[in-house]
Amino acid sequence: MITLNVNGQSYQVNVDETTPLLWVLRDVLGLTGTKYGCGRELCGACTVLVNGQEEHSCVYEVKEAAGKNVTTIEGLSPNHSHPLQQAWIDHQVPQCGYCQSGMLMAAAARLRAGAPGAEVANELGNLCVCGTYLRIRNALKSL
């Protein structure tokens with residue numbers, strides 16, 4: 001049994017300790033905002049925060065998350081009022097939206113670390129097949 005703290009709530013999960021955190025979040029806890037992309041840490045669609053640091057949950061074993069604070073897109077803000085979410089809305093960033101939760105979580109980690117929005121806009125390495133990069137940059141620069 002592994003104890004996880006996800007979005008401020010404690011969960012006990014009975015899974016193989018090498019299970020990727022992504023599948024525990026989605027399939028066991030029902031938090032489907034975090035997406036599966038490449039499964040190889042390349043695209044960033046699965047990005048979550050673990051103790052405030054961005055992690056690719058597709059390769060992050062659940063045992064590594066035990067006793068740490070995991071934040072998913074569902075926990076970024078309880079009412080979608082996080083400045084990043086508001087910037088995304090103001091700049092109409094999403095198209096299909098599939099990669100957006102990972103983008104937001106990666107940006108949140110970097111902003112939390114003190115990077116200015118313009119800097120984050122230039123460094124964000126997540127992939128978006130819709131090509132919304134200009135709107136993402138504009139949203140981040142507006143912060």
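The buried residues of α3 are Leu 84, Gln 85, Ala 87 and Trp 88. Because these residues cover an arc of only 160 degrees around the axis, they lie on the same side of α3. The model is predicted. The helix, which spans residues 83-90, is one of the elements that give two or more residues to the lining of the largest pocket.

**Helix α3**

- An α-helix has 3.6 residues a turn, so residues three or four places apart point the same way.
- The exposed residues Pro 83, Ile 89 and Asp 90 are carried on the face of α3 turned away from its buried side.
- Among the elements that cover the buried residues of α3 are α4 and α6, the latter comprising residues 133-141.
- After α3 comes Gln 92, which has a positive phi, near 45 degrees.

**The largest pocket**

- Rolling a probe the size of a water molecule over the atoms shows where empty space is left.
- The volume of the largest pocket is about 190 Å³.
- Its lining consists of Ile 73, Glu 74, Ser 77, His 80, Gln 85, Trp 88, Ile 89, Pro 94, Gln 100 and Leu 104.
- Two or more lining residues come from each of α3 (83-90) and α4 (100-112).
- With three residues, α3 gives the most to this lining.
- Sorted by class, the lining has five nonpolar, four polar and one charged residues.
- Gln 85 and Trp 88 belong to the lining and are also among the buried residues of α3.
- Ile 89 likewise lines the pocket, but this residue is exposed and sits on the face of α3 turned away from its buried side.

- Ser 77 is located in the loop between β5 and α3.
- With a relative accessible area of 6%, Ser 77 is buried, because that value falls under 20%.
- Not counting residues up to four places away in sequence, Ser 77 touches His 82 and Gln 85; Gln 85 is also one of the pocket-lining residues.

**Strand β3 and its partners**

- Strand β3 (residues 47-50) is covered on both faces, with Thr 47 and Leu 49 buried on one side and Val 48 and Val 50 buried on the other.
- Strand β5 (residues 69-71) runs antiparallel to β3 and is joined to β3 by two bridges; Val 70 in β5 is the bridge partner of Val 50.

**Glu 55 in strand β4**

- Glu 55 is part of strand β4, residues 53-56.
- Glu 55 is partly exposed, having a relative accessible area of 27%.
- Leaving aside neighbours within four places in sequence, the contacts of Glu 55 are Cys 46, Thr 47, Val 48, Val 50 and Tyr 60; of these, Thr 47, Val 48 and Val 50 are buried residues of β3.
- The C-alpha atoms of Glu 55 and Gly 8 are 17 Å apart in space, and the two residues are 47 residues apart in sequence.

Notes
Residues numbered from 1 in each chain as written. Predicted model: local features only at pLDDT ≥ 70, side-chain atom pairs only at ≥ 80, totals over all residues. Heavy atoms only, no water. 1 Å grid on protein atoms, 1.4 Å probe; cavity = no way out; pocket = protein on both sides within 12 Å on 5 of 7 lines; lining within 4 Å. Points joined across faces, edges and corners; volume = space filled by probe spheres on them. Helix = DSSP H or I, 4+ residues; strand = E, 2+ residues; numbered from the N terminus. Nonpolar A, V, L, I, M, F, W, Y, C, P; charged D, E, K, R; others polar. Buried < 20%, exposed > 50% of the residue type's maximum accessible area, 1.4 Å probe, protein only. Arc of directions from axis to C-beta. Contact = heavy atoms within 4.5 Å. Pairing = 2+ DSSP bridges.
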